[in-house]
Amino acid sequence: MRPFRPGWVPTLVVLALLPGLVALGCWQLGRAEEKRALLATYAERRIEAPITTAQLASSDDNAFRRVHLYGRFDAEHSVLLDNRMRDGQAGVELLQPFHDQASGQWLLINRGWLPWPDRRVPVHFDTPAHAMALDASVYVSPGSTFQLHPDPEGGQWPHLLTAVDAAQLWPALGRGGFAHELRLEPGPAAYRLDWPVVAMGPEKHLAYAVQWFALAGALVLLYLYFGWHHNKEKRHGHRHSTGRA
């Protein structure tokens, strides 16, 4: 049986890379499981009856819960979420504070997507002036939004931002409010409402996990191959030099 002698350099390379490749594969498997749980929670809560804002405040697990509201929008403090694409078209999402009359609580409502093809022209939207009933669902972000540069603070309304945090918005407005965004359901105040539940589905995470594990397997196979092949070449070289002598 041929002795296995891969050499120090290949061994160090494998020791450095293999744990990282396996860890990345396991991380992707974990993310896939998290996304499955999110999708299952979403499916369950989509068929539940809407709750009140009082019930919302008393619960710690509010992701995707449907809420029934009655009140008015604050048209003076709109937020436009930039860089939102639909069908290859650039646009924004419109978020506005909403005052629920039953509880007296402020909530940040995402009214949906609006096209913005020409940046030289302001985005046009209407805000209902009368009190109205609406249903919305709580959106709890799975993580912070990646930003190349932080959004500027202050300025004129509406604010054009790349990310919004309701918990940070309320102190800037000098009022208390619910800490998460609510996404509006179809109705007279809604624009285009086709948000993905998750940005990347569990099947994509599984595909990435397979890729990382495949790279780890390929690295091990190359290590084994070169370990035996390198030793074979050394033995042939030794015999050749002995024959010449």
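This is a short tour of one predicted model, stop by stop. Residues are numbered from 1 along each chain as its sequence is written, and side-chain values use heavy atoms, with hydrogens and water left out. Because the model is predicted, local features need pLDDT of at least 70 and side-chain atom pairs count only at pLDDT 80 or more, while totals for chains, interfaces and linings use all residues.

**Stop 1: the core**

Select Leu69, Ile109 and Leu182. These residues have the most contacts inside the largest nonpolar core, which has 17 residues. A nonpolar core is a set of buried Ala, Val, Leu, Ile, Met, Phe, Trp, Tyr and Cys residues joined through side-chain atoms within 4.5 Å. Buried means under 20% relative accessible area, exposed means over 50%, and partly exposed is in between (1.4 Å probe, protein chains only).

Now colour β1 (66-73), β4 (106-115), β5 (132-139) and β7 (181-184); each supplies at least two residues of this core. Strands here are DSSP runs of E, at least two residues long, and helices are runs of H or I, at least four residues long, numbered from the N terminus. The largest share of the core, four residues, comes from β5. In soluble globular proteins, nonpolar side chains tend to be buried together.

Stay on Leu182. Beyond its neighbours within four places in sequence, Leu182 is in contact (heavy atoms within 4.5 Å) with residues including Val67, Leu107, Asn110, Ala136 and Tyr139. A second, separate core has ten residues, among them Val79, Leu81, Leu95 and Trp170.

**Stop 2: Asn110**

Select Asn110 in strand β4. Is Asn110 buried or exposed? Asn110 counts as buried because its relative accessibility is 0%. The side chains of Asn110 and Glu93 are joined by a polar contact of 2.8 Å. Such a contact is a pair of N or O atoms within 3.5 Å; within protein, one must be able to donate a hydrogen and the other to accept it, and residues adjacent in sequence count only if both atoms are side-chain atoms.

**Stop 3: salt bridges**

A search of the whole structure finds 15 salt bridges. Each is a side-chain nitrogen of Lys or Arg within 4 Å of a carboxyl oxygen of Asp or Glu.

Select Arg66 and Glu185, which form a salt bridge with the closest N and O atoms 2.7 Å apart. Arg66 lies in strand β1 and Glu185 in the loop between β7 and α4, so this pair ties together parts that are 119 residues apart in sequence. Arg66 is buried at 15% relative accessible area, and Glu185 counts as buried at 12%.

Next, select Asp194 and Arg86, whose side chains meet in a salt bridge (2.8 Å, N to O). Asp194 is in the loop between β7 and α4 and Arg86 in strand β2 (residues 79-86), so parts 108 residues apart in sequence are tied together. Asp194 is partly exposed at 33%, whereas Arg86 is buried at 9%.

**Stop 4: the helices**

Show α1 (8-46) and α4 (202-244), which each supply at least two residues of a nonpolar surface patch. Val22, Leu29, Leu206 and Phe213 form this patch, with about 270 Å² of accessible area together. Val22 lies in helix α1 and is partly exposed at 33%.

Finish at Gly7, in the segment before α1. The C-alpha atoms of Gly7 and Gly227 are 7.2 Å apart, although 220 residues separate them along the chain.

Key: Patches are made of residues with over 30% relative accessible area and no salt bridge: like charges are joined within 9 Å, nonpolar side chains (Val, Leu, Ile, Met, Phe, Trp, Tyr) within 5 Å. Accessible areas come from the Shrake-Rupley method with a 1.4 Å probe; for residues, only the protein chains shown count as cover.
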